[in-house]
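Let's take a walk through this protein together. Have the structure open and follow along as we go.

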Amino acid sequence: FRAVATDMVSGEMVVLDSGDLSVAMRASMAIPGAFSPVVIGEQVLSDGGMVRNLPVDIARELCADVVIAVWMTTPPPTAEDLDSALALVSRSMDVMIGANQNEQIESLGPDDIGIEVPMGDIGTGDFQRIAEAVALGRAAAEAIAADLRRFSIPEHEYLAWRGSVTSGEAKPIHLAEVRIQGLQQVSPEYVESHLQNLQPGADVDSQQIKEDTDRLYALGDFARIEHQLKGPADARVLEITPVEKSWGPDFLRFDLGLSAEGSGELLAILRGEHTRAWIGDLDARWNNAVQIGQQSLLATDYYQPLDAGQNWFVQPAVSYENSLQSVYIDGERVARYYVKDFRGELAVGANLGTRAQLTGGLRSGWFSTERDTGSLVLPETTRANDAGVFLRLGYDTRDAVGLPTRGTMMALSYVHSGSFLGGEQDYDVAEGVLTRAFPWRGDSLSLILGGGMELAGDLPVARDFRLGGIRSFPGLRIDELRGTSYWFAGTTYLWKLADIQPLMGQALYAGLRLQAGRMGGSRDPLNYGTLYGIAGSLNGRTPLGPFILSLGYVDNDSWELQFTLGRPLPEGSALDEIY
């Protein structure tokens, strides 16, 4: 076996003929801009297709008397297709790869066989269309079956050969030892705690090894996970080398969020986040956030695991938030209020695997409401103390946050506010949201259920539930519904229109959304009851983040053209948790 990569330092082809097979394969398909390169010594290795997409000459040098070469083709673009900088950059890569591929095709001799597979509109990132691609490859091979037949052998000889090369692979691998190596920052005990299958003395197969290495990669601490089996067949040693992200332990992230409505209003937030990771033996994390705009925010928390497996943790947090919220009466905005919220929390929690988390604890702080413009339709409050206990449960298996195509997400919360810890409020409130996305041939169907209610006492205005906005209820403006309880149900179907950057999961979708909801304890004297809505949209995952352009109608005769790009702006309910 040989893998071909491109050294981005010298620009030359590199043939990988020894070492870790997974690293060699990873380097050979590290497409620039989609996957990070593999660094081996002084070489920075990326996808070999740039210099040798069809390495006929490498096969001849290795062992081949006869080369059977298979390549895939797609129809060339039209001039109209090349109308953007992104399209031209993508096409330039195709031209470069096609040039070196054609040179190799021309080197095929009369005894060699070339198989061209026309792929039609199936692109590089259309993983959901694998079955179609396989069928196309099979058809191309069957079309030249007569030429291939000269290499055939009797079936019993083939089965004997097949058995000789695969019988060892089918046997379980007995692990005498599992070694975690190469770590500089992350605790080895933390890594070991996430190995469910790979334990000394266990008999495992390749699928179980994959499951555990995938689980380690999903932790988010590593650029890649390498592994290698050594030792005799009856006492194998599995060496696992998690490669830590080289840009740690301090991670910075910046986000921009924009939202516009047909009324001409443009809202924006700019956010910066800092995480200090891998603190101490138990890999604690210090998280900080600064945000300005429609909602200004200062927040910090310290995540301290209590055991190596991070099954239990404590998390103190402090935050200050100042948001500008609107008040609507009969569909017309009559006032704007600044709602300020200062809060300190002490949480104790449990990580339930890698997909769920349960937290509970104490919180104490204050809130205030201050009129900015318009009528005095809501009471103004100055530094009202609010303290209580809380409980939260989160669960998330989605493949993406912005526009998921599969998976389930659930978020539940309960708060009891009382007079202890200096509190001046008296209320109980519960809220939750559940969403599920289903894939189908590249499209996606999502179902959403959500609701919240005041269970006891009097919910302060600063703690009101709010509905309205392109994400929570398209067709209504942000904050248009405000009250002390609500429910919501909706479904969205997304048709995939085109790929933007397939390997990064960036694509363009057309969407249709149906929804219904009701706000109870409304601050608006005109109670609409249950509202029904429909919205059509253009959605996408882009290098700048998810975007949505939506035209929505609600049966209170409300039409709204809305747009959002990047980080979602909060809209005042548990539905925000989805995004």
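What follows starts with the overall layout and then moves on to some local details.

First, some ground rules: this is a predicted model, so local features need pLDDT of at least 70 and side-chain atom pairs count only at pLDDT 80 or more, while totals for chains, interfaces and linings use all residues. Residues are numbered from 1 along each chain as its sequence is written, and side-chain values use heavy atoms, with hydrogens and water left out.

The domain assignment gives domain 1 (3-167), domain 2 (173-244) and domain 3 (250-578); such bounds come from an automatic or database domain assignment. Let's look at where domain 2 meets domain 3. Their C-alpha centres lie 38 Å apart, and the contact (heavy atoms within 4.5 Å) takes 11 residues from domain 2 and 8 residues from domain 3. About 810 Å² is buried between the two, with carbon and sulfur atoms giving 56% of it. Buried area here is the accessible area (1.4 Å probe) that two parts lose on being put together, summed over both. On the domain 2 side, Gln185, Tyr190 and Asp221 supply 50% of the area buried against domain 3, more than any other three residues.

What about charges? The rule finds 1 salt bridge across this interface, a salt bridge being a side-chain nitrogen of Lys or Arg within 4 Å of a carboxyl oxygen of Asp or Glu. The side chains of Arg285 and Asp221 meet in a salt bridge, at 2.2 Å from N to O.

Pro249 sits in the loop between strand E10 (236-244) and strand E11 (250-261). Strands (E, at least two residues) are DSSP runs, numbered from the N terminus. The peptide bond from Gly248 to Pro249 is cis, with omega near 5°.

Setting aside neighbours within four places in sequence, Leu565 is in contact with residues including Leu256, Leu258, Thr542 and Phe547.

Finally, look at the surface. Which strands each supply at least two residues of the nonpolar patch? They are strand E24 (485-501), strand E25 (506-520), strand E26 (530-542), strand E27 (545-554) and strand E28 (558-566). Among the patch members are Trp495, Leu497, Ile534 and Trp559, and the whole patch has about 930 Å² of accessible area. Leu497 belongs to strand E24. Patches are made of residues with over 30% relative accessible area and no salt bridge, with like charges joined within 9 Å and nonpolar side chains (Val, Leu, Ile, Met, Phe, Trp, Tyr) within 5 Å. Accessible areas come from the Shrake-Rupley method with a 1.4 Å probe, and for residues only the protein chains shown count as cover.

Methods:
Helices (H or I, at least four residues) and strands (E, at least two) are DSSP runs, numbered from the N terminus.
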